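Please keep the sequence and the structure at hand while reading.

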Amino acid sequence: MSDMTSSGQMLAADGTPLKTSLARALRRQKLRALALIAPLLLFVVITFIVPIATMLFRSVENQIVSSTMPQAVELLQQWDSATGVAPDEAVYQALYFDLFKAAEAKEHTKLGTRLNYEQTGTSSLFRTSGRKLDDVGELWQDPIEDIAPALKDGETWFAMMSGTGSNTVLEERRALWASLVEEPFAGDVGITISDEIAQMLPLTTAAYADWAIYEAIEDGKDISKRDPWEAVYAGLGLDLRSDATVRAVNAYTGPHAADLQLLTANLDQMPNTMFKDAFAEMDEDWLDPEVWEAIKIYSPNYTSGYFLNAVDMKKGVETAEMRPENQQIYITLFKRTLWMSLVITASCIILGYPVAWLLANLPMRTANVLMILVLLPFWTSLLVRTSAWKVLLQQQGVINEILVWLGFVDDANRLILMNNATGTVIAMTHILMPFMILPLYSVMKTIPPSYLRAAKSLGATNFTAFRRVYFPQSVPGIGAGSILVFILAIGYYITPEIVGGTDGVLISNRIAYHISSSLNWGLAAALGSILLALVMVLYWLYDRIVGIDNVKLGG
Amino acid sequence: MAILAQAPRPKLMTFTAPCTAALAAAIAFVVGNAFGTPLVGLAIGAVFGFILAALLGQFAVPRTMGRTATIAFVAVAGFSVGALGGAVAGALLGAVISWFFYWLHTGAYRRAVPVYYTAAQTLWYNTFLFICGLVFFFLIAPLLPVIWLSFNAQDFFTFTPEMLSFDPAGYSLKHYRDFLGTDEWMVPLKNSLIIAPIATLISVTLGTLAAIGLSQSHVPFRQAIMAIMISPMIVPLIISATGMFFFYAPLGNWLEANLGLNQSFVGYVKVILAHSVLGVPFVIITVTATLVGFDNSLTRAAANMGANPVTTFFRVQMPLILPGVISGGLFAFITSFDEVVVVLFVGSAQQQTLPWQMFTGLREQISPTILAAATILVTFSILLLTTVELLRRRSERLRGLSPS
């Protein structure tokens, strides 16, 4: 196949140097292997790794505060919570316009729920305030419509606001909507806002643009025929509080300038309500600096707050502090999860070791039959085994009935085996035992029985021979089985949920609770991330001790 | 057996009879306790055990006859106190006592230990076997009451007196009829049977290809790739489910909005994708394990004879690794078929699967129909176990590793 040329280089059949030819063959082989692996790798990455990454992201993500009340949050940055007084009027004013918008899109309750995790009572604060925002707007709407009846009409507004301009205000407001509702809000709104008006009446324009975008894109209405919402009137009222604006309006000549000038002529009929007072009237909690502190602390887009909550801490303005004793649950739960997993692992070793020894040392035929007794529970549905334990352990269950019938337990004091930690440990030991027996068995199978005999013939007693010769060789099996059982135990959900009651639940039940009941997804993600980190450490240990290639299934 | 025949028989009056008496006394103590007179029971048991052992031993009653007589006697005694249920319990206890007597009397208790073992060592060995027996009992026994109770005529999760006295009126198939005849259970079963096979198909197809790729000699980043592919098995289900919950919900919305698919179809797609990725590690592990013993010269030989890679795969490689592929597939299938947490988080009510229905049933309303479902699943898992076991043997035979 190859030939020596005059230069002394080995050549392949096609005349290329052998080295190049081999390198090419190797590269082709590698590429073929990768091509076979690629589809699955891609599949696992998309359907599994990306979701896990999403969870990690969720555990720090916190855009809801700044996207729901962007203007208020921005102004709030200058406020110092250490003063112990509520922020000033400008913040409340910004809050009004932010919240009005959010309430129309029904997003304000989400923010209330979010902040409620940090400051109890916030949820109802946002919910009740959301309903009263219209009333505040009407404080201006009513006098404005009395003074200039033309402004009752949506068509007047449309004519007044339209004109020529670059529509920058509209695009800015569109971006804010997009981040609030998490939809692109793309599409034609059907208006070009006059630059002159936008400059003269900034708050009015902003409120009008908000309304126009929502009305046109979300509700799909023709805005030229619709009446704007109350916040627009409030905006106009506020704009007219400035003398400069009043002068500009008086000099204005655009469409419906006469109606605006009617307003400037009757400024004394406009209310001089302060937003701070208006909010205080809705709910006096709005004056509570603690509420504002919570808002300020959670205003950044990313927060360590969920993680701090997950370890029973609370995020302060500058530092994190422990929560009060009576609110600490997660550390206890983590400790309990680790402790119960340890107990379960230990019981699995104690019960599984003799069985594995027996299986490894009996003749193959008998061992195979007995192996079925181990594999049958392994192959039986988890739910079946859990329901079996419910049948056995409950107060009217099989175990209690037998004990009562035999007279060992008084009918009035039946054993409480379920809905506590005992139930979880018993049921989970049963369920996870095959995962201990199988690795132990495969390790013990490789220990030659002659070693034990040699030790005995050298004078060791049975116990010494076991302790000094057999046991040390079976330790890798114990290690493999323990880590497997431990990893499975700390993430278990179904069995503790059914037989665990309140004392026997693990951290996973809390995660499920936050996902499906309390809807505090960020906290669920943070708890999950901590658990994941724990498992990764164990996984790494497992890889060091056993090697992931050596995982075996079903004996 | 020849050795056994010559095994020294222990002394009847100083060993076998007292031991039998002790066992009978312990049993009778427990039974007596049920009637409020444990000490009377203890005494009767001890006397009965001793006399029984003395009679059987002294007159050298043959095993079959001795055991039958004992069982019959105790069963009759049981019947006199507890009707049919008592008779069954009596027969069982009689069987245990007579077996124990012959086990001691014939010297069978020393069969498994070397002749030089001392009495204490023999006792320890047999205690050890007894402990192992208890562990096996612990593993299997919990499943039995489920099967028994699934034939309950009442809507209870507990045994009724009729059931315990083996009265036919206490038994019925109504829970099986409920299981097979109502949408409440049939729809979840149908969903499980839609989701699990498709998920298995996906994980087996992709997994087998990847396992073949991984088992080749020059794979860059082999360790890292392996770690990624095994990760769905290592990461606790609750974490996978949480991650998938965050990821699949927007994915589903996107699919519905942009591709115009209907909601129910998208729901199935989400659950199937989630389940197939959970099944992947099992396929990878079993197929890679099968490929370890695969002789690569076979593919080279096939190539040499002019077969293209595809033909080689289907005609040479596939038949040889098929047992591994099938058992990996079974693992993947059972993973999906038995999975609750992910489907609970990712699926909607339309995708309710059988385990999900059982889970809600166990958590909320307790209906023995769950037990009927459980019994059917146990039967199903026995079938699966048999298949896997047969496949494993076949695979070992093919690779010349047949068990002794």
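Domain bounds, as used here, come from an automatic or database domain assignment. The model itself is predicted. For chain B the assignment gives domain 1, residues 2-110, and domain 2, which is made of two segments, 184-370 and 380-398. Taken over C-alpha atoms, the centres of domain 1 and domain 2 of chain B are 53 Å apart.

Chain A is assigned domain 1 (15-58), domain 2 (70-297) and domain 3 (331-550). Between the centres of domain 1 and domain 2 of chain A the C-alpha distance is 55 Å.

The UniProt record, an unreviewed entry, annotates residues 334-542 of chain A as "domain: ABC transmembrane type-1". In the model, this stretch of chain A is 78% helix and 0% strand, and its end C-alpha atoms lie 21 Å apart. The unreviewed UniProt entry also places the feature "transmembrane region" at several spans of chain A, including 33-57, 367-384 and 475-494. Residues 367-384 of chain A are 89% helix and 0% strand, with 26 Å between the end C-alpha atoms. For residues 475-494 of chain A the corresponding values are 85% helix, 0% strand and 30 Å.

Next comes the contact between the two chains. Chain B contributes 96 residues to it and chain A contributes 92 residues. The size of an interface is often given as the accessible area lost when the parts come together. For chain B and chain A the buried area is about 8500 Å², and carbon and sulfur atoms give 81% of that area. On the side of chain B, the residues that lose the most area to chain A are B:Phe136, B:Leu139 and B:Phe246, which together account for 9% of what that side buries.

What polar links cross this interface? Between chain B and chain A there are 9 residue pairs in polar contact, counting pairs with both residues at pLDDT 80 or more. The rule for salt bridges finds 1 across the interface. A:Glu497 and B:Arg363 form a salt bridge, with the closest N and O atoms 2.9 Å apart. Helix H17 of chain B, residues 369-398, supplies 13 residues, the largest share of the side of chain B that touches chain A. By residue class, that side of chain B consists of 73 nonpolar, 17 polar and 6 charged residues.

Over all chains, the count comes to 11 salt bridges. One salt bridge within chain A joins the side chains of A:Lys101 and A:Asp210, at 3.9 Å from N to O. This pair links distant parts of the chain, 109 residues apart: A:Lys101 sits in helix H4 (residues 89-104) and A:Asp210 in helix H10 (residues 202-218) of chain A.

Methods:
Residues numbered from 1 in each chain as written. Chains lettered and ligands numbered in written order. Predicted model: local features only at pLDDT ≥ 70, side-chain atom pairs only at ≥ 80, totals over all residues. Heavy atoms only, no water. UniProt positions renumbered as here; feature names shortened; annotations may be inferred. Helix = DSSP H or I, 4+ residues; strand = E, 2+ residues; numbered from the N terminus. Contact = heavy atoms within 4.5 Å. Buried area = accessible area lost by both parts, 1.4 Å probe. Salt bridge = Lys/Arg side-chain N within 4 Å of Asp/Glu carboxyl O. Polar contact = N/O pair within 3.5 Å; in protein donor to acceptor, adjacent residues only side chain to side chain. Nonpolar A, V, L, I, M, F, W, Y, C, P; charged D, E, K, R; others polar.
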